[in-house]
Amino acid sequence: MLEKKLDRAITEFIWNVVEIHSQLEDIHTSWAGLLGITQPQWLILMAITELDEGRGVAGIDIANKLRVHPAFVTNQTKALERRGFLSRRAAPDDARFVLMSLTAKATTEIEKLAKRKLAFNSTMFNELDEKTLAELNATLATIAKNARLAARLLAIEAS
């Protein structure tokens, strides 16, 4: 009986994650639309915002953050560069790597959305305090780590 309840709780958790993922995709698509870019391009800008410590961000780091192929990041960042949202330059210590940074235009446009994003976060996380979110993030990080292991094990089994 306990095993059945656990299985049901896991199934419910998975469907909740699927629902949240779907809603976040819609939300990211809306944010992207406000800037006239695609949802993946929005996520790239958000990844650069998160990862850049003032030196620029390598495409491989963006790809790892977003869990996408590096060639996809290269393609999309070139489009973002053409639109004036980011700059690309060779890494000073290894010209094979391209470092990307947000332009002033991108920073300004993202800052214009800041109040809306704050209101959105307030709505989405309305009933959660900082401690609860920290605990939830720690739990989700553990599940993510275990999911990566489970995916590798399944891939080995399937091959």
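Me: What makes two strands a pair in this predicted model?
Reply: Two strands pair if DSSP finds at least two bridges between them. Strands (E, at least two residues) and helices (H or I, at least four) are DSSP runs, numbered from the N terminus. The model is predicted, so that local features need pLDDT of at least 70, side-chain atom pairs count only at pLDDT 80 or more, and totals for chains, interfaces and linings use all residues. Residues are numbered from 1 along each chain as its sequence is written, and side-chain values use heavy atoms, with hydrogens and water left out.

Me: Why are E1 and E3 called a pair?
Reply: Strand E1 (residues 57-58) and strand E3 (residues 94-102) share two bridges in the antiparallel sense, and the definition asks for at least two, so they pair. Valine 57 stands opposite methionine 100 in E3, and alanine 58 stands opposite leucine 99.

Me: How do you know that E2 and E3 pair?
Reply: Strand E2 (residues 86-91) and E3 have six bridges, in the antiparallel sense; the definition requires at least two, and therefore they pair. Arginine 88 has methionine 100 in E3 as its bridge partner. E2 and E3 form a hairpin with two residues between them.

Me: What is the order of the strands in the open sheet?
Reply: The three strands have the order E1-E3-E2, with antiparallel pairing.

Me: Why is one side of E1 and of E2 left without a neighbour in the sheet?
Reply: E1 and E2 stand at the edges and each has a single partner strand, so one side of each has no neighbour in the sheet.
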